[in-house]
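Come along as I look things up, one entry at a time.

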Amino acid sequence: MAASPESTVAHASVLMPSQDLPEGSKRVRGPDFDKPINLADLLGSFETIGFQATGLARAIEVIENMRQQRTNPDEPLTLFLGYTSNLISSGLREILCFLAKHKMVDAIVTTAGGIEEDFVKCMGTTVLGDFHLDGATLRKKGFNRIGNLLVPNSNYCAFEDWVVPILDTMVEEQEGPERVKWSPSSVIRRLGKEIDNEESVYYWCYKNDIPVFCPALTDGSLGDMIYFHTYKTDAQLTIDIVADIRKLNDMSVHAKQAGMIILGGGVCKHQIANAMLFRNGADYAVYINTGQEYDGSDSGARPDEAVSWGKIRAGAESVKVYADATLVFPLVVAATFAKAHWAAQREADKAW
């Protein structure tokens, strides 16, 4: 029986022939769990899983290239790391501390909470809670909720007891014969020195001379302490943000190559990206966040939007991973910085 014209059209529409696949196309394929697999091989398999797994594999590749380029004898890469305060509140703090301790980054940009929460954790414990705990009940009990984390308010009281005498001394140095001029980065460096605690990210930044920039330094508990302090002293602490924007932008301008790893959005993301504008864009960029671009926010913008502004170079190695950084950044660091660190340790043990 001959096919009707209608069925012939329908058949052609449903079973339209394909062109040849592009040369070098990779087959979508996941890991084979019928045999044992280590972490390195598992993460390697992400490249061909698809969706955000492929994005994560690409982020690992770009960050590994950045890591290696930092030791390029002719054009060493300057690596800028940015993150939001909630990540210091989380267990990601230990990973950020690892990077600072071993001087694996060259500069950090974060928010006020990203500074103070590091020191607050030296004063007391942050514990796991639940996203659905009642806010009014927590308020009565003196617990502050950060997602599913809880911080006792007594930790901030201890932070005040520690930081106020330091602010007193800083004002004395500002008003005394030294005439010290403070910037956000020099305040953070001083606090990193005073904390003298190896669990602190900023202790290691102080030890390793890694500048830490915080354009919104007063937007948190530290700002609260500075505010209260203005009523306890004749002279107010003066913090010069212009000094830091010059210092950060100069680091970008003088970088032979520049790369950025940005966890989250907001101030830390844009401050680094904007600094890249002064050198016609970063050479490498990895964004890890859950933001979407459809509201026009910089936080949710993809790397290609930064290319249009000259903040990432056309043709640069860049990727955005749409994911919670606490899920994926430990894997990224394990596959790059930590992997190289462990290999160096093994070689040192052999030599010993």
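**Entry 1: a pair of strands.** I started with Tyr83, and found it opposite Thr110 of strand β2. A note to keep in mind from here on: this is a predicted model. Tyr83 sits in a pairing I then looked up: β1 (residues 77-83) and β2 run parallel and are joined by four bridges.

**Entry 2: around β2.** Which strand does β2 meet through two bridges? I found β6 (residues 212-213), and the two run parallel. Here Val109 stands opposite Phe213 of β6. Next I checked whether the faces of β2 (residues 107-110) are covered or open, and both are covered. Ala107 and Val109 are buried on one side, and Ile108 and Thr110 are buried on the other.

**Entry 3: β7 and β8.** I moved along to strand β7 (residues 257-263), which is joined to β8 by five bridges, again in the parallel sense. Leu263 has Ile288 of β8 opposite it. For β8 (residues 282-289), I noted that eight of its eight residues are buried.

**Entry 4: the cores.** Which residues have the most contacts inside the largest nonpolar core? My list reads Tyr83, Tyr202, Leu263 and Phe329, in a core of 74 residues. Helix α8 (residues 153-175) contributes the largest share of this core, with nine residues. Apart from this core there is another, of 20 residues, including Leu248, Ala255, Ala273 and Ala285. I jotted a general reminder beside this: nonpolar side chains tend to be buried together in soluble globular proteins.

**Entry 5: Tyr202 up close.** I wanted to know what Tyr202 touches once its neighbours within four places in sequence are set aside. Among its contacts are Tyr83 and Thr110, the two residues from my first entry. Ile88, Gly114, Ile115, Asp118 and Phe119 are also in contact with Tyr202, and so are Ile188, Gly192 and Val212.

**Entry 6: an antiparallel sheet.** I then looked up an open sheet of three strands, ordered β3-β5-β4, with antiparallel pairing. β3 (127-128) and β4 (143-146) are at the edges with a single partner strand each, so one side of each has no neighbour in the sheet. Four bridges link β4 with β5 (residues 149-152). Helix α8 lies across β4 and β5, at about 50° to β5.

**Entry 7: the largest pocket.** What is the volume of the largest pocket? I wrote down about 400 Å³. The lining has 19 residues, and Gly44, Ala57, Ile60, Glu61 and Ala335 are the closest to the centre. At least two lining residues come from each of α2 (39-45), α3 (51-69), α15 (325-335) and α16 (337-351). Helix α3 gives the most, with seven residues.

**Entry 8: stepping back.** The chain has 352 residues, of which 44% count as buried. Finally, I took the contacts with a separation of 6 or more: residues 24 or more positions apart account for 75% of them.

Conventions. Residues numbered from 1 in each chain as written. Predicted model: local features only at pLDDT ≥ 70, side-chain atom pairs only at ≥ 80, totals over all residues. Heavy atoms only, no water. Core = buried A, V, L, I, M, F, W, Y, C linked by side-chain atoms within 4.5 Å. Buried < 20%, exposed > 50% of the residue type's maximum accessible area, 1.4 Å probe, protein only. Contact = heavy atoms within 4.5 Å. Pairing = 2+ DSSP bridges. Axes fitted to C-alpha atoms, helices over the stretch in contact; angles between N-to-C directions. 1 Å grid on protein atoms, 1.4 Å probe; cavity = no way out; pocket = protein on both sides within 12 Å on 5 of 7 lines; lining within 4 Å. Points joined across faces, edges and corners; volume = space filled by probe spheres on them.
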